[in-house]
Amino acid sequence: MSSLTLLDKDGVRLTVDDAVATVTLTNPAKRNAQSPALWRALVEAGQQLPGSVRVVVLRGEGKSFSAGLDRQAFTPEGFAGEPSFLEMGRGPEHEMDALIAEYQEAFTWWRRNDIVSVAAVQGHAIGAGFQLALACDLRVCAQDVQFAMRETSLGLVPDLTGTKPLVHLVGYARALEICATGRYVHAEEAERTGLANLVVPGDQLDGAVTDLAAALLAAPRDAVIETKALLAGAATRSLDEQRAAERAAQGRRLRDLAGAGE
């Protein structure tokens, strides 16, 4: 079955091949720098996913996954038809809050329980690019990967939902040090600290992601959905609450299996 293109706009392309969707950042000339238009296109990609999709792969064309926010955002004119960051800072607080919340939507749908999202990351994943990789459930990285959270050095904070998964993956102290210094995290550290599930040579990145997607599709869909929900909520539940959640989820699975066998 050949892949079907459902979206191709503002630096984002969505293609679907049966149970696997691929979201590609398509502006390699600017190292897939991000803008509000790109974020809205990412939201639209999430909305257009067919119900048959179980795995979503996020990748960037060219040598870099995403070099972060397009610096045009910091100019007085900003992007055409968009409020510049300077205008946002001068505007009412509720309007700024609403705009940032809109931008964050591009980074949240990847955690839906009905899909498993995999970021294929090569080269630079800086700032918003780092946060977009963190938005996914899993990360497969090329050996040349360079993660960095540069917002603090610009006088800003990471506000595109990346702080929670970063702390969850590497711990508070390392997350603080990474963000406050803006330093690069390379492949060896990324794999050792859990930022990367797997590191491979650059020419093997696509193949490794394909293999992982196939492995994720091997188990029954409902079992994966229930397991993801259990794991995603584990950090905020007590042990007794987690035990109860496990029993309830297993009860649903056993009832479904018993019903299928009738």
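Which residue forms a salt bridge with arginine 112, and how far apart are the closest N and O atoms? The partner is aspartate 114, with the closest N and O atoms 2.9 Å apart; a salt bridge here is a side-chain nitrogen of Lys or Arg within 4 Å of a carboxyl oxygen of Asp or Glu. This is a predicted model, so local features need pLDDT of at least 70 and side-chain atom pairs pLDDT 80 or more, while totals for chains, interfaces and linings use all residues. Residues are numbered from 1 along each chain as its sequence is written, and side-chain values use heavy atoms, with hydrogens and water left out.

Arginine 112 counts as partly exposed because its relative accessibility is 28%, on a scale where buried means under 20% relative accessible area, exposed over 50% and partly exposed in between (1.4 Å probe, protein chains only). Aspartate 114 is partly exposed too, at 29%. Over the whole structure, the search turns up 14 salt bridges.

Glutamate 189 has a salt bridge with arginine 174, at 3.0 Å between the closest N and O atoms. That pair ties together distant parts of the chain, 15 residues apart, with glutamate 189 in helix H7 (residues 187-193) and arginine 174 in helix H6; helices (H or I, at least four residues) and strands (E, at least two) are DSSP runs, numbered from the N terminus. Glutamate 189 also bridges to arginine 183, this time at 2.7 Å. With a relative accessible area of 11%, glutamate 189 is buried, whereas arginine 183 is partly exposed at 24%. Arg174, Glu177, Arg183 and Glu189 join up in a network of salt bridges.

Now for the backbone. Most residues other than glycine have a negative phi. Aspartate 10 has a positive one, near 50°, and sits in the loop between strand S1 (4-9) and strand S2 (12-17). Threonine 161 also has a positive phi, near 70°, in the loop between strand S8 (146-148) and helix H5 (163-170). Aspartate 10 is partly exposed, at 45% relative accessible area, but threonine 161 counts as buried because its relative accessibility is 19%.

At 60% relative accessibility, tyrosine 172 counts as exposed.
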